[in-house]
Amino acid sequence: MFRSLIKIALLLVAGILAYNYFFGTNEEQENSKKVFGQLRGVVVSVGQILKTEKDKFDAGKYDAALNKLGEAYKAVRAQARHIDEKVIKRLDELESRKAELENELHEIEANDLQNASPALKKKDPLVEKERAAKLADQLKRKEALLRELETLVKDSDSLLQEAGN
């Protein structure tokens with residue numbers, strides 16, 4: 001219900017701004033132009049943030065961490081003959097989680113490539129809105145992946161400390 005009220009309020013504000021932009025007095029038209037200009041600035045800023053995050057992602061920000069975890073798991077498994085059975089089971093679970101994260105990473109990268117394809121030459125507002133929503137969803141997925149990766153690193157660290165004792 002609260003979401004519906006917010007949507008209605010946003011539609012009402014957008015309607016008033018559009019009306020003032022085309023049919024309002026000179027002052028109202030000027031105010032509407034100012035608001036649309038500020039809105040454009042916000043959209044550009046969000047786009048720059050998404051592009052920066054995508055560049056970090058493309059640079060292998062997550063790949064490097066996953067590779068280091070894989071190497072650590074190999075080292076623990078090589079010494080697994082001398083380790084408690086519980087440690088081996090935890091190692092198997094961590095490797096499974098790592099594989100899931102790698103699959104998610106590949107899926108996100110594939111979606112990034114799909115979203116990076118150039119849009120129509122004439123910018124359709126609906127297409128741009130849909131594209132922005134997809135980019136925002138991708139950013140959320142990347143943030144969730146990073147949180148899960150951090151959790152995996154902490155769990156792996158505790159396993160390595162346990163294995164070293």
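The points below describe a predicted model, taken from its overall fold to single side-chain pairs.

1. Basis. Residues are numbered from 1 along each chain as its sequence is written, and side-chain values use heavy atoms, with hydrogens and water left out. In this predicted model, local features need pLDDT of at least 70 and side-chain atom pairs count only at pLDDT 80 or more, while totals for chains, interfaces and linings use all residues.

2. Fold. The protein chain has five helices and zero strands, in the order α-α-α-α-α. Helices (H or I, at least four residues) and strands (E, at least two) are DSSP runs, numbered from the N terminus. Of contacts between residues at least 6 apart in sequence, 70% join residues at least 24 apart; contact means heavy atoms within 4.5 Å.

3. Burial. Of the 165 residues, 22% count as buried. Buried means under 20% relative accessible area, exposed over 50%, and partly exposed in between (1.4 Å probe, protein chains only). Ser 32, in helix H2 (residues 26–58), counts as buried because its relative accessibility is 1%. Leaving aside neighbours within four places in sequence, Ser 32 is in contact with Leu 17, Asn 20 and Tyr 21.

4. The structure holds seven salt bridges, each a side-chain nitrogen of Lys or Arg within 4 Å of a carboxyl oxygen of Asp or Glu. One of them joins Glu 104 and Arg 141 (3.0 Å, N to O). Glu 104 lies in helix H4 and Arg 141 in helix H5, so the pair ties together parts that are 37 residues apart in sequence. Glu 104 is partly exposed at 26% relative accessible area, whereas Arg 141 is buried at 16%.

5. Salt bridges within helices. In helix H4 (residues 85–116), Glu 93 and Arg 97 are four residues apart, about one turn of the helix; their closest N and O atoms are 3.4 Å apart in a salt bridge. Glu 93 is partly exposed at 41% relative accessibility, and Arg 97 is buried at 16%. Glu 93 and Arg 97 also belong to a network of salt bridges with Glu 148 and Asp 155. In helix H5, Lys 134 and Glu 130 are likewise four residues apart, about one helical turn, and meet in a salt bridge (3.5 Å, N to O). Lys 134 is partly exposed at 40%, and Glu 130 is partly exposed at 48%.
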